[in-house]
Amino acid sequence: MLYMGITKKTKTFFDKQIAVIKTAVCNENGEFYVDKVIEIIIAVVVGGLLLTSVYAIFQNTVLPGLAAKIQAIFS
């Protein structure tokens, strides 16, 4: 009686979606979560390395040259 006023095609669609959701919720297999955690850790480490390298490039190359040019302008 839950589906009063709903067409049979819509009822079938909702029944399939409910079955998919129940299967996903009842899945006690933790592989998906472990894979995602590993991907997040790798992304954080790679991002940290990229930020560190960009900072090192700016600190050693760009900023001293920029400081020299600014001092030359105002001297």
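**Exercise 1.** In this predicted model, determine how Asp15 is classed by its relative accessibility, and identify the side chain that Asp15 meets in a salt bridge.

*Solution.* Step one: the relative accessibility of Asp15 is 29%, so Asp15 counts as partly exposed. Step two: the partner is Lys11, and the two side chains form a salt bridge at 2.9 Å, N to O. Step three: Lys11 has 32% relative accessibility and therefore also counts as partly exposed. Step four: Lys11 and Asp15 lie four residues apart in helix α1, which means that about one helical turn separates them.

**Exercise 2.** State how many salt bridges the structure holds, and describe the one formed by Glu39.

*Solution.* Step one: the structure holds two salt bridges. Step two: Glu39 pairs with Lys36, and their closest N and O atoms are 3.7 Å apart; this lies within the 4 Å limit for a salt bridge. Step three: both residues belong to helix α2 (residues 31-74), and because they are three residues apart, about one helical turn separates them. Step four: Glu39 has a relative accessible area of 47% and is partly exposed; Lys36, with 38%, is partly exposed.

Key
Residues numbered from 1 in each chain as written. Predicted model: local features only at pLDDT ≥ 70, side-chain atom pairs only at ≥ 80, totals over all residues. Heavy atoms only, no water. Helix = DSSP H or I, 4+ residues; strand = E, 2+ residues; numbered from the N terminus. Buried < 20%, exposed > 50% of the residue type's maximum accessible area, 1.4 Å probe, protein only.
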